[in-house]
Structures are given as structure tokens and as C-alpha cells.
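Hi,

Here is the structure I promised to pass on. Have a look at it first, and my notes follow below.

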Amino acid sequence: MDKKLLLYLDDVRTPINDEWNVARNYDEFVSFIKLKGLEMFELISLDHDLGETAMIEYYNNVKENYIIDYSNI
């Protein structure tokens, strides 16, 4: 039996463990699932703030003062 895979979806961060397959966006994520099949994944980690508006909020407001205003996302 093949070892189950780990899939990490995040547009910025990278896992410290090399066992993870990393998808940087929705299209890459879907490609991994289609290529391997959902049943081959033991664990999928989803980014909590994936998307362009979250990154705009991060660079404009959060980066300097470390305060997250989710109403801006």
C-alpha cells in the first residue's frame, strides 16, 4: 500500500516538514487532487487567509502593527 500524502495549501507560508506537497493557489490545489485522487491524502492543511484581499490587508495594516481586522478581508 502506498503511503498517504500530505497537502498544504498556502499562498505565502511553507511547512517546515519536507513531507508536505505544497499548493500555492486554488488551481495547484485542484491539480494535486485530480492527479493523485482525494483518497491518497491523509491530511490537507488549508490556509486561513488565502486570497488577494487578505494579502492587501496584511501588507497595508497587519505587517506593521500586528492587528488583524477581518472586516477588511
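Let me start with Val12: at 42% relative accessibility this residue counts as partly exposed, because that value falls between the 20% limit for buried and the 50% limit for exposed. Bear in mind throughout that this is a predicted model.

As for where Val12 sits, look in the loop between β1 (5-9) and β2 (20-23). Along the chain, Val12 and Leu50 are 38 residues apart, and their C-alpha atoms are separated by 8.7 Å.

Asp10 is in that stretch too: you'll find Asp10 in the loop between β1 and β2. Is Asp10 buried or exposed? Its relative accessibility is 3%, so Asp10 counts as buried; the limit for that is under 20%. A polar atom of the Asp10 side chain lies 2.9 Å from the backbone nitrogen of Arg13. Leaving aside residues up to four places away in sequence, Asp10 touches Ala23, Arg24, Asp47 and Leu50.

If you want to check the pairing by eye, β1 and β3 run in the parallel sense over 5 bridges, and Leu5 stands opposite Phe41 in β3.

Last, the aromatics. How many aromatic pairs does the structure hold? The count is 1 aromatic pair. The rings are those of Tyr8 and Trp20, with centres 5.7 Å apart and planes at 70°, so the pair is edge-to-face. The cut-off behind that label is planes over 60 degrees apart. Since Tyr8 lies in strand β1 and Trp20 in strand β2, the pair ties together parts that are 12 residues apart in sequence. Tyr8 is buried, and Trp20 is buried as well.

That's what I have so far.

Cheers

Technical notes:
Residues are numbered from 1 along each chain as its sequence is written. This is a predicted model: local features need pLDDT of at least 70, side-chain atom pairs count only at pLDDT 80 or more; totals for chains, interfaces and linings use all residues. Side-chain values use heavy atoms; hydrogens and water are left out. Helices (H or I, at least four residues) and strands (E, at least two) are DSSP runs, numbered from the N terminus. Buried means under 20% relative accessible area, exposed over 50%, partly exposed in between (1.4 Å probe, protein chains only). Rings of Phe, Tyr and Trp (its six-membered ring) pair if their centres lie within 6.5 Å; planes under 30 degrees apart count as stacked, over 60 as edge-to-face and the rest as tilted. Two strands pair if DSSP finds at least two bridges between them. A polar contact is a pair of N or O atoms within 3.5 Å; within protein, one must be able to donate a hydrogen and the other to accept it, and residues adjacent in sequence count only if both atoms are side-chain atoms. Contact means heavy atoms within 4.5 Å.
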